[in-house]
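Here is a short note for a colleague opening this model. Please read the points with the structure in view.

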Amino acid sequence: MSFETISVIGLGYIGLPTAAVFASRKKQVIGVDVNQKAVDTINRGEIHIVEPDLDMVVHAAVTEGYLKAVTIPEPADAFLIAVPTPFKGDHEPDLSYIESASKGIAPVLKKGDLVILESTSPVGATEQMAAWMAEARPDLTFPQTHGEESDIRVAHCPERVLPGHVLRELVQNDRVIGGMTKKCSDKAAALYKTFVEGDCVITNARTAEMCKLTENSFRDVNIAFANELSMICDKLDINVWELIRLANRHPRVNILQPGPGVGGHCIAVDPWFIVSAAPDESRLIKTSREVNDDKPKWVLEKTLEAAASILRKPVRISCLGITFKANIDDIRESPALAIIKKLANEKAFKLNVIDPHVKESAVAGFELSRLSDEIIYNSDVVLLLVDHAEFKGISSKALEGKIVIDTRGVLNVK
Ligand code: SAJ
């Protein structure tokens, strides 16, 4: 099974690194995106998203002639669809991007091609995608009607890379390969073996879909447990960080870390795909989502309470961190930013917003301050929202006498 030309549809946080890694293995890669600006940026050898080292890999791939970006799909031997799957309405999955991607590639499909859905998807999405393609191309056969004899092979192979470590995890992580038939799986595994050093483990499409949703729900439920503990401990006057450290000394206990809420595009979304498919059975998963979604409100209330106890006005609040997690500059769906925006509405506060990872231009309407012991010392309230490495160096002297709300448990408070 040889793949001369590979097409990646959707050149975002997953599609672009995947395209670049195939290109780095000297495959001809055609990246497709509806965003003309992104396409132009990539064709200049530059990138429009933030991910360590990705700029170098894309630059090399484009200048060596292995990667090009286009807006209209072109023929290829394998197509990987990596478009967003957000939710709409009451947390119902929105498959419209998968629908337009699969209908977009349908005209250029030919006998023997492989189509892989990489986007995190509700159970049944791969079959739905195959149905859309079959409808558009009645001259070709698909696995849902022709099984192992089909002209087109179809599989779901969910991405599972961690933002900030995408290039390493793409290569090293094991991959779940869910073909609609065994031949579909084998073909998809052969494709990933171009660069995957981890195991390619074969299952069916529905199990692969559920597997990805399960991984992110597992993390969400466990973060909700930590967040719930943090609120219980606050009420009972117990240091939750010490408590978790102690409990984790048990050989079979491994509690995650509380925070100001769960951000990013994945963990706060994917569990809803399970809840919407089986609402009566997903009580724990749903409640965990609610616990994590409510945590920013709890942090906001704590901060307002603290500020109310300060007599001098305006109350000077230093907000440490804007991103959705530590040591990256990604502010998508950031609970920290949501909390800061609410605080900024209060006239009686003077905010110092500090994030050494974020360029000022990235956050409209905010002036960012530089981190220093002095700025911390001249605050009334210090609200830590992201556990960036830089914040761990703030001296306990600068924090003396301040009201400290440390949602990540990293500050040195004496
Ligand atoms: N968080 C906590 N406490 C923790 C761990 C995380 O509050 O102990 C928060 C983070 O601060 C952040 C959110 O959860 O706001 C999500 O961060 P994350 O590092 O857990 O995950 P993501 O969203 O960056 O990436 C996840 C990963 N999934 C799992 O670890 C199971 C990644 O492997 C997936 O590929 C990615 O979702 C995805 O694209 O689905």
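1. Over which ring does the charged end of Arg 332 sit? The ring is that of Tyr 13, with the charged end 3.7 Å from its centre. Lys 402 does likewise over the face of Tyr 377, at 4.7 Å from the ring centre. (A charge sits over a ring if NZ of Lys or CZ of Arg is within 6 Å of the ring centre and within 35 degrees of the ring normal.)

2. This is a predicted model: local features need pLDDT of at least 70, side-chain atom pairs count only at pLDDT 80 or more, and totals for chains, interfaces and linings use all residues. Residues are numbered from 1 along each chain as its sequence is written, and side-chain values use heavy atoms, without hydrogens and water.

3. The structure holds two aromatic pairs. Phe 22 and Phe 195 have ring centres 4.8 Å apart and planes at 85°, so they are edge-to-face. (Rings of Phe, Tyr and Trp, the last by its six-membered ring, pair if their centres lie within 6.5 Å; planes under 30 degrees apart are stacked, over 60 edge-to-face, the rest tilted.)

4. Tyr 192 and Phe 195 are also edge-to-face, at 6.4 Å centre to centre and 75° between the planes. Phe 22, Tyr 192 and Phe 195 form one aromatic cluster.

5. Both Phe 22 and Phe 195 are buried, and Tyr 192 is buried too. (Buried means under 20% relative accessible area, exposed over 50%, partly exposed in between, with a 1.4 Å probe and protein chains only.) Of the 414 residues of the protein chain, 52% count as buried.
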